[in-house]
Each structure stands twice: as structure tokens, then as C-alpha cells.
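Please read the numbered points alongside the sequence and the model.

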Amino acid sequence: MSVLKTYKLFVGGKFPRSESGRVYEVSDSKGRWLANAPLSSRKDARDAVRAARKAFGGWSGATAYNRGQILYRVAEMLEGRREQFTAEVADAEGLSKAKASAQVAAAVDRWVWYAGWSDKLAQIAGSANPVSGPFFNLSTPEPTGVVALLAPQRSSFLGLVSVLAPAIVTGNSVVLVASESSPLPALSLAEVLATSDVPGGVVNVLSGRTAEVAAPLAAHQDVNAIDLAGAAEDAELAKELETAAADNLKRVLRPSATDWSADPGTERMLAFLETKTVWHPLGI
């Protein structure tokens, strides 16, 4: 007998079932049943935010070099599970095995690319500012805090990596809402994160109805920023979430038509950084 896999949420470094006990059916591109995924509730979202906030201090306080090492370890683990992710991406996106394998390879390469930025981003995001007076004036980037990420709906793995990696490499902790129709690659990625030295709570993965899970995250007073990539195909939902996010002045990365296979640049890393400027008198 084949043993069917039970997919679970990833919150605080653990794998709980949804608080509500609900699941929903996940099908492949041809409508064939693949698995039951947890249907997250508002309480699951609040629990994930609490876990992310608890983990933020340690993760943001780690050296940039150490964060880069940990992300590189994630890439190593992804490489070791290439066949599993290839199969899941092929099912999710209706791709041939060769095309799905290329997507997975690109995602692993992108993860390594972001890992390499960990101890270099301060060079381009920080500055020594010229001032009129006997002072040093230095600007340095710092992570924003807890970031809610809505994973792209159609790019189940490459798009997922493209929104997750830049948020955590810069020291933020995140609550990730997986693609509603194709959540399995995200839930499998959580298993990799759990065994890759990423501290519990730095990444929390929820699956379910995007609108249902995203609403409490957008309105949550302890979420500092939100990436609306997963609402790119629903302008009304994006507008509602942005309005809710304005209540506590969250940073909002608006959705746009994105080619996830293109060079990502530094935009998504810089989007979730704050700038701290320090004045210091000369000669002391």
C-alpha cells in the first residue's frame, strides 16, 4: 500500500494541523486530486504572527554572514530533494518534467543568489553622508520586522522563492500564505526549512483561501509589512488588503505583472528594509 502524505502548516518551527481542523482538496492542472491541504483560519494567522515576532529578534540580530550560510544550507537541501519538487511543480503548473525541472533549478539558483547578498546589501543600501559640521553621519539598513507574504498564485515554486528569500535574507521574519490552488511546493519547502538551521518562527507557512488568511494579516497590528504578489490577479482583494494595511501604516509592496524567470534585482530586498541614520561627533 502507498502511504498518502499528510500536509500540515508550519508555525513556530512545528507542523500543526489547522486550528479549525479543516482541509481542502488540491488538484493538478487537469483536475485530478493530489492531496488535502490544511485550510488555515484567522487564529492560525494570529499564531503565525506571534511566532514570527518571537523569532524576529534573534534572526535580525544574527550576523549577515550567518544568515547567508543558513540560506545556502537551504539551497543544498532543496538540491537534494530536486525530484520531489520537480514532480510537485509539474503537477501544480501542468508542465512537462523537463520544464518543471528547469523551474526547480532556477529556484535553487535564485536561493543561492539571494544568500550571496546577505553580507553585501549594506554596501548598496547604506551610506556615509556628507554633512556641514564636525560629525560622522552614517545610514545603515535594518529589517522592517514581521512581513506577511502572499505567494504568487501561478508560479508555485520559482515565484514562491522569489518573494520569500529576499524577505528573510535581510533579517525579517515572515508569515507566508501559499498559493491557494498550488500550495504543495510551499508546504514541502517548509519541511526543508525545518531541517536547514533556519530558526523556528523565522518562516511560517499557511495554506488555504488567500482572501480569508490575508485579511487578518493585513489588519494585524503586529505585522509591519505585506507583499501582495499573490493578489495580482484580484484587483479588488488587493485594494481591500492595502486599505486594511494602512490602519497601522504597514509597508505595502503592491502587486504587478511579474516575470518570475527574469533577473530579480534588489527591489524585493530593499522593499522591506528601514534606514537608520546615526550622527557621531568627530574625534571622540
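1. In this note, axes are lines fitted to C-alpha atoms, for helices over the stretch in contact, and angles run from 0 to 180 degrees between N-to-C directions. Contact means heavy atoms within 4.5 Å. Helices (H or I, at least four residues) and strands (E, at least two) are DSSP runs, numbered from the N terminus.

2. The model is predicted: local features need pLDDT of at least 70, side-chain atom pairs count only at pLDDT 80 or more, and totals for chains, interfaces and linings use all residues. Residues are numbered from 1 along each chain as its sequence is written, and side-chain values use heavy atoms, with hydrogens and water left out.

3. Five strands, in the order β7-β6-β5-β8-β9, form an open sheet with parallel pairing; two strands pair if DSSP finds at least two bridges between them. At the edges are β7 (203-206) and β9 (251-253), each of which pairs on one side only. From one strand to the next, the twist averages 15°.

4. Within this sheet, strand β5 (residues 146-150) is joined to the parallel strand β6 (residues 173-177) by 5 bridges. Val-147 has Val-174 in β6 as its bridge partner. Helix α1 (residues 42-61) lies across β5, β6 and β7 and runs at about 155° to β6.

5. Is Ser-162 buried or exposed? This residue of helix α6 (residues 158-169) counts as buried because its relative accessibility is 2%, where buried means under 20% relative accessible area, exposed over 50%, and partly exposed in between (1.4 Å probe, protein chains only). Leaving aside residues up to four places away in sequence, Ser-162 touches Arg-110, Tyr-114, Trp-260 and Arg-268.
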